[in-house]
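Subject: Structure handover

Hello,

Here is the structure I said I would pass on. Please open it alongside this email and follow the residues as they come up.

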Amino acid sequence: MGFFDKALKKVQDVGENIAASANNVKTVVETSVQDTMEITGLKRQIRELEKEMDAQYLQIGKKYAEFVADMDDAEPETAENEAAEATESSEVIDEVKAEAATEAIDEVKAEDVAETVDEAKEEAADETIDEVKAEDTAETIDEEKEVSEEPAEDKVTEESDEDEEPVFDVSDFLTIIKQDQAKKKELENQLAEVEKRAKQNTLLREKTKAEESFEQEKGVLDKALAMEIISKEEYEQKLNIARKKVENFEEIKKIEQQFEMGIITKEEKDEKINAILNA
């Protein structure tokens, strides 16, 4: 096989290697796009659940505001009832005082007219009449009292039914929030797994690119060697460095990340990488 035949064979091998690398890159890129779409979808579902929970929290706040307002409305009614009862008690006291005053006046009059027998008889007659009237009056008061007490009991019963204390019940909202929290936790776990896989795929994609770069560099070196542009020793030396870039890809990647984070300087980065490649 002549010189040009060897060179052509090397070029064909390089082309095949590049085509294979391109297919690998395509596969990795497709996987990366799929991971990105899945991550985006999971994050969107999590945001929707958070909005749903925020809406439930808002409903709880609204319910609490209504509960407080109902409690405030109930307090004045209680004050009005107490004022009405106080007024009724005052009226009864006034009636008792009036009756006592009337009796006192009657006793004074009885002493004034007790000087004569006739006046005494008349007084006795008057007292008898007064006692009858008093009995009639007492019976009338008792009847009125019974009448007044009967509807009062009904009124108390009605008021007890109508004036029930407001209840603050948000169990329905809390149930929905609890369900949403469980779904969110599940989605967050899925998201963590997908992000971990995506990170690994990103590393694989970068390693694939490094392998592709190695194949291209090897193709150039093979072509140069076939054309006797470089010596076998130079070929081995340069190929060895290119191979170590792939073999130590992850370690070199960490060194580059240290530099990106400002942990080491550029000089330190180059020194560490050169130490790996020239070992």
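The model is predicted: local features need pLDDT of at least 70, side-chain atom pairs count only at pLDDT 80 or more, and totals for chains, interfaces and linings use all residues. Residues are numbered from 1 along each chain as its sequence is written, and side-chain values use heavy atoms, with hydrogens and water left out.

Surface patches

A patch is made of residues with over 30% relative accessible area and no salt bridge, joining like charges within 9 Å and nonpolar side chains (Val, Leu, Ile, Met, Phe, Trp, Tyr) within 5 Å. Accessible areas come from the Shrake-Rupley method with a 1.4 Å probe, and for residues only the protein chains shown count as cover. A salt bridge is a side-chain nitrogen of Lys or Arg within 4 Å of a carboxyl oxygen of Asp or Glu. Lys and Arg count as positive, Asp and Glu as negative, while His and the chain ends are not counted. Each charge is placed at NZ of Lys, CZ of Arg, CG of Asp or CD of Glu.

Lys 43 lies in helix α1, residues 3–112; helices (H or I, at least four residues) and strands (E, at least two) are DSSP runs numbered from the N terminus. With a relative accessible area of 38%, Lys 43 is partly exposed, where buried means under 20%, exposed over 50%, and partly exposed in between (1.4 Å probe, protein chains only).

Glu 66, Asp 70, Asp 72 and Asp 73 form a negative patch. Asp 73 is in helix α1 and is exposed, at 51%.

The nonpolar patch of Tyr 64, Val 68 and Phe 168 has about 260 Å² of accessible area together. Tyr 64 belongs to helix α1 and is partly exposed, at 46%.

Beyond neighbours within four places in sequence, Phe 214 is in contact (heavy atoms within 4.5 Å) with Leu 239, Ala 242, Arg 243 and Val 246.

Lys 244 is in helix α4, residues 232–247.

Regards
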